[in-house]
Amino acid sequence: MMEATAAFHHSKTVSFTFTFPGSNTSCSLRHFNKQLALHQLTTADIRRQPLKPLETKAFRHTGRERIRKCVLPPPSGSLSAAATTCPESQNPVSKLRNFSLESLKRRLLELTPIDVVKISGVLSVSIASTKWTVNLLLNPFFWMYFSWSWLFWPWFVAVALAIYGLYCLSKHLQGKASIFEQLAVVTSAFTWLTLVPPAHFNGYLQGWPFVFFFIYHYFFFFNVSVRRRLYGDYYARPHDPKWDIDPPKWQRLLFCVGVMLGHWLAAFEGPELHLIPGGWTNVGVWILILSSLLMQYISTLYLAKYSEKVVVPTEVVQFGPYRWVRHPIYASTVLLFATYCTALQAPLSLLFVTAVCLLYYDQKVKLEEAVMIDTFGERYLEYASKVKYKFIPLVY
């Protein structure tokens with residue numbers, strides 16, 4: 001039997017060959033008539049010569065079965081037949097084709113009582129959860145004002161929007177943010193300025209917070225609209241780096257924190273939203289809103305008319321709002337924040353936000369005017385002596 005094993009392993013074909021006990025005669029059952037060449041091997045030869053795996057070919061089944069190409073694993077040292085693995089038997093599509101009502105019945109009959117209990121429990125929990133969720137979403141009290149829902153689920157939306165806004169801000173600082181991502185930064189900031197504070201302190205939203213949420217968007221996109229009118233797109237143009245004038249980062253951070261704190265104080269200080277009067281009593285607030293919008297718009301247009309690439313001035317602008325204050329764009333921003341506090345009837349917050357803005361813009365203006373004097377010289381000094389007020393006519 002040792003000789004037959006050696007012949008089997010060293011053959012290049014699948015040789016169904018065996019010998020009779022006590023005889024050296026070999027018998028071959030291969031499918032072609034060719035005598036298998038055998039030679040005597042000793043145990044030392046078998047150990048010295050490594051065994052090679054068989055190279056098998058596809059074979060044809062008899063009967064009505066079609067030809068299948070199966071991959072055989074490498075043969076082991078025994079003569080037992082190895083289990084074959086066919087890709088088609090593992091194909092999920094073939095399993096679906098073989099699926100039938102009879103197989104389903106057979107599988108159901110094979111279920112044990114424990115399996116039935118498990119499946120019933122899973123189905124019961126799924127149906128109950130779905131029913132509870134649908135009833136909760138269709139319940140009108142879930143969406144009404146003064147409901148507990150405004151105290152819980154909108155916070156997840158606001159926090160998610162803030163996280164995404166910070167992510168877009170990091171890309172904007174690297175110069176990689178798209179227009180949509182820049183808009184997400186602005187929307188996230190305005191949400192936490194105008195919507196989240198009154199919703200937190202009042203438990204609901206109505207009236208002025210919604211109005212100022214959209215007004216802030218319109219106000220701070222005026223320069224973008226001017227750039228669109230001049231160049232046909234929204235992208236900033238390269239300009240002289242000396243006009244990138246900003247105070248130190250810690251001052252800008254304190255300014256942002258101060259503005260945010262002022263809006264939260266206004267929501268805390270003001271009365272509940274349903275106590276704020278409406279109708280004709282709000283005419284004064286609308287006049288302040290329109291004044292800030294017109295001041296920002298006209299000032300931006302005049303500045304763009306006498307500037308290259310929107311931000312590089314080529315002449316000292318002395319027309320429009322620049323006849324009364326030297327920095328009307330900053331003044332319009334201060335007026336808008338003050339109008340928000342006025343609409344919420346928060347006088348202390350109004351004074352706080354105004355002081356924060358004036359302190360920050362005063363430092364920014366000193367840097368800008370130094371560059372203007374260095375660029376235009378006597379012309380700007382003459383203009384500054386003529387227009388003495390920086391932000392507020394007859395006041396400051």
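These legends cover the whole chain and then its salt bridges in close-up.

**Notes for every view.** This is a predicted model, in which local features need pLDDT of at least 70, side-chain atom pairs count only at pLDDT 80 or more, and totals for chains, interfaces and linings use all residues. Residues are numbered from 1 along each chain as its sequence is written, and side-chain values use heavy atoms, with hydrogens and water left out.

View 1. Helices (H or I, at least four residues) and strands (E, at least two) are DSSP runs, numbered from the N terminus. The chain has 396 residues, and 33% of them count as buried. Buried means under 20% relative accessible area, exposed means over 50%, and partly exposed lies in between (1.4 Å probe, protein chains only). The chain exposes about 26,800 Å². Carbon and sulfur atoms supply 66% of that area. Accessible areas come from the Shrake-Rupley method with a 1.4 Å probe; for residues, only the protein chains shown count as cover. Among contacts (heavy atoms within 4.5 Å) with a separation of 6 or more, 66% join residues 24 or more positions apart.

**View 2. A salt bridge between E181 and K171.** A salt bridge is a side-chain nitrogen of Lys or Arg within 4 Å of a carboxyl oxygen of Asp or Glu. The whole structure holds six salt bridges. In the one shown here, the side chains of E181 and K171 meet at 2.9 Å, N to O. E181 lies in helix α8 (residues 179-202) and K171 in helix α7 (residues 153-173), so the pair ties together parts that are 10 residues apart in sequence. E181 counts as buried, at 11% relative accessibility.

View 3. K366 is partly exposed, at 47% relative accessibility. D362 is buried, with a relative accessible area of 10%.

**View 4. D362 again, now with K390.** K390 forms a salt bridge with D362, and their closest N and O atoms are 2.9 Å apart. K390 lies in the segment after α15 (378-386), while D362 is in helix α14, so this pair ties together parts that are 28 residues apart in sequence. K390 counts as buried, at 17% relative accessibility. Salt bridges with shared partners join D362, K366 and K390 into one network.
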